[in-house]
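Student: I've just opened this one and would like to go through it slowly. Could you walk me through it?
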Amino acid sequence: MLFGALLVGIPAFGLPAFGLIVAIFGLVIMAGYAREGAQLKESVILAAILAAGSYLAFVKLLNLQFPVLPWFLAN
């Protein structure tokens, strides 16, 4: 639910779309805390790798159209 809410937002609650990159970071960091002894540094590194790979696979290779960056950074 967090990933979907961050990806496209929830207009009924006034939550704007934050895009793919922020959604992946939010999801990975939140899921990282499910592991005992989790470190924020590990989660951020994993999120960066997943975000770059997801951007390459879904946006560049498959040409899927969805928000990538937060609404205030998009053109």
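Student: Which residues make up the largest nonpolar core?
Tutor: That core has 8 residues in all: Leu 6, Leu 7, Leu 20, Ala 23, Ile 24, Val 28, Ala 47 and Ala 51. A nonpolar core here is a set of buried Ala, Val, Leu, Ile, Met, Phe, Trp, Tyr and Cys residues joined through side-chain atoms within 4.5 Å, where buried means under 20% relative accessible area, exposed over 50% and partly exposed in between, with a 1.4 Å probe and protein chains only. This is a predicted model, in which local features need pLDDT of at least 70 and side-chain atom pairs count only at pLDDT 80 or more, while totals for chains, interfaces and linings use all residues. Residues are numbered from 1 along each chain as its sequence is written, and side-chain values use heavy atoms, leaving out hydrogens and water.
Student: And which helices supply at least two residues of this core?
Tutor: Helix 1 (2-8), helix 2 (19-32) and helix 3 (40-61) each do, and helix 2 gives the most, with 4 residues. Helices are DSSP runs of H or I with at least four residues, strands are runs of E with at least two, and both are numbered from the N terminus.
Student: What is Ala 47 in contact with, leaving aside its neighbours within four places in sequence?
Tutor: Ala 47 is in contact (heavy atoms within 4.5 Å) with Ile 24, Phe 25 and Val 28.
Student: New topic: where does Asn 63 lie?
Tutor: Asn 63 lies in the segment after helix 3, and its phi is near 55°, a positive value in a residue other than glycine.
Student: Is Asn 63 buried or exposed?
Tutor: Asn 63 is exposed, with a relative accessible area of 54%.
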